[in-house]
Amino acid sequence: MRLLRSMRFFFLLNISFFYFGCNVNETAKSWRIVNTDTTDHLYSIHFFDKKHGWAVGGNSIILRTDDGGLKWRTISKPNALTFGSINKVYFSSRNHGWVIGLQGKILYTANGGRSWVKQNSNLQSGLLDLFFTSESEGWIVGGNGKILHTINGGGRWEQQRGPSMGHLWSVHFVDNKNGWTVGKDGIILHTNDGGETWVHQESGTDQPLLACHFTKLQSGWIVGVNGLMLRTNDGGRNWLSQSHVTRKTLRDVVFLDSQNGWVVGEDGLVLFTNDGGQNWQVEQVNVTEHLLDVHVSKKISCIVGAHGTICIRS
């Protein structure tokens with residue numbers, strides 16, 4: 001636990017292992033910097049629709065917007081949230097959502113965040129990412145290679161057996177059977193049976209992999225430290241390294257469709273492609289804070305980062 005906390009501090013709050021700035025531009029659309037009342041680092045952003053979104057981060061902060069990100073308000077911190085940083089947030093509807101953090105903490109809300117209840121993970125490891133394929137089925141990954149799975153909205157979380165003890169930083173599923181998780185020392189794990197079995201895929205690197213995203217079963221992306229970017233067109237049987245556009249650490253990657261994708265990274269860095277990743281453009285705004293997470297949909301897009309940074313594009 002102490003090791004995971006120190007690693008998270010190192011990755012998220014120091015040198016080039018975890019922070020990122022803000023900007024983007026797609027077909028003349030630009031990002032707007034939104035003022036917030038917090039200076040806490042924001043680690044995760046999620047929108048259920050074009051109006052309703054949540055951002056979470058340091059000091060157990062939870063922000064909510066009901067107008068597409070123009071204004072954000074802080075949700076009162078419930079007693080169960082007094083455990084430090086919240087690492088990720090995910091909502092399957094306007095009311096039903098989850099947040100995760102250190103010491104195996106999982107909290108669930110059925111009323112849009114007005115109140116939260118604890119869900120039992122039976123873990124003490126830090127939890128780092130989560131992904132749901134429906135309102136009832138989801139996965140969480142975290143420290144020491146831990147993988148959790150639920151089929152009833154978190155009423156019961158069961159641990160799945162993975163082949164690695166390294167920290168897992170990101171998880172993504174394309175359906176309720178096929179998913180990937182990535183993490184420490186170049187770890188890539190894949191399942192085609194909903195996580196009953198996880199197998200290694202060769203990454204070709206021993207560097208930390210920080211985020212993964214798939215647009216369909218065969219096509220996926222991974223990003224990591226020192227500008228590392230990997231791509232597959234065959235479901236991960238082969239991962240190819242992209243030419244380095246930058247040496248900055250890349251924290252998140254997301255694709256709107258097969259052609260349009262974004263990567264966020266250190267010092268205000270945003271990379272954009274409109275040709276499926278064959279070419280990447282570097283775009284920047286007047287923000288130097290590191291960016292930690294990006295959400296992109298057809299109706300709303302948002303980036304969050306250090307010191308309360310929020311940028312929207314709608």
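Both F214 and W239 are buried, where buried means under 20% relative accessible area, exposed over 50% and partly exposed in between, with a 1.4 Å probe and protein chains only. Before following these two further, a word on the ground rules. This is a predicted model, in which local features need pLDDT of at least 70, side-chain atom pairs count only at pLDDT 80 or more, and totals for chains, interfaces and linings use all residues. Residues are numbered from 1 along each chain as its sequence is written, and side-chain values use heavy atoms, with hydrogens and water left out.

Let us stay with the aromatic rings. Rings of Phe, Tyr and Trp (its six-membered ring) pair if their centres lie within 6.5 Å; planes under 30 degrees apart count as stacked, over 60 as edge-to-face and the rest as tilted. By this rule the model has 16 aromatic pairs. One of them is W139 with F173, a stacked pair with 3.7 Å centre to centre and 15° between the planes. W139 sits in strand β13 (residues 138-142) and F173 in strand β16, so this pair ties together parts that are 34 residues apart in sequence. Strands here are DSSP runs (E, at least two residues), as helices are (H or I, at least four), numbered from the N terminus. W139 is buried, at a relative accessible area of 0%, and F173 is also counted as buried, at 3%. Now back to F214 and W239: their ring centres are 5.9 Å apart and their planes stand at 85°, so this pair is edge-to-face. F214 belongs to strand β20 and W239 to the loop between β22 (229-232) and β23 (240-241), so the pair links distant parts of the chain, 25 residues apart. Elsewhere, ring pairs join Y90, W98, Y108, F131, F132 and W157 into a cluster.

What does β9 pair with? Two strands pair if DSSP finds at least two bridges between them. β8 and β9 pair in the antiparallel sense over five bridges, and they form a hairpin with five residues between them. Within this pairing, F91 stands opposite G97 in β9. β9 also pairs with strand β10 (residues 106-109), again antiparallel, over four bridges. Here V99 stands opposite L107 in β10. The hairpin of β9 and β10 has four residues between the strands, and in it Q103 takes a positive phi near 55°. L107 counts as buried, at 0% relative accessibility. The C-alpha atoms of L107 and Q119 are separated by 5.7 Å, although these residues are twelve apart along the chain.

Further along the chain, we can look at an open sheet. Four strands form it in the order β24-β25-β26-β27, with antiparallel pairing. β24 and β27 (281-283) stand at the edges with a single partner strand each, so one side of each is left without a neighbour in the sheet. Neighbouring strands of this sheet are turned by 20° against each other on average, direction ignored; the axes are lines fitted to C-alpha atoms, for helices over the stretch in contact, and angles run from 0 to 180 degrees between N-to-C directions. β24 is joined to β25 (residues 261-265) by five bridges, and L250 stands opposite G265 in β25.

Finally, the pockets. On a 1 Å grid over the protein atoms alone, a cavity is a set of points where a 1.4 Å probe fits but cannot get out, and a pocket is an open set with protein on both sides within 12 Å along at least five of seven lines; lining residues have an atom within 4 Å of a point. Grid points are joined across faces, edges and corners, and a volume is the space filled by probe spheres set on the points. The largest pocket has a volume of about 860 Å³. Of the 43 residues that line the largest pocket, H46, F131, H172, H213 and H295 are the closest to its centre. The elements giving two or more residues to this lining are β4 (42-47), β8 (86-91), β12 (127-132), β16 (168-173), β20 (209-214), β24 (250-255) and β28 (291-296). The second largest pocket has a volume of about 260 Å³. Among its 16 lining residues, H149, I151, E158, Q160 and G194 lie nearest its centre.
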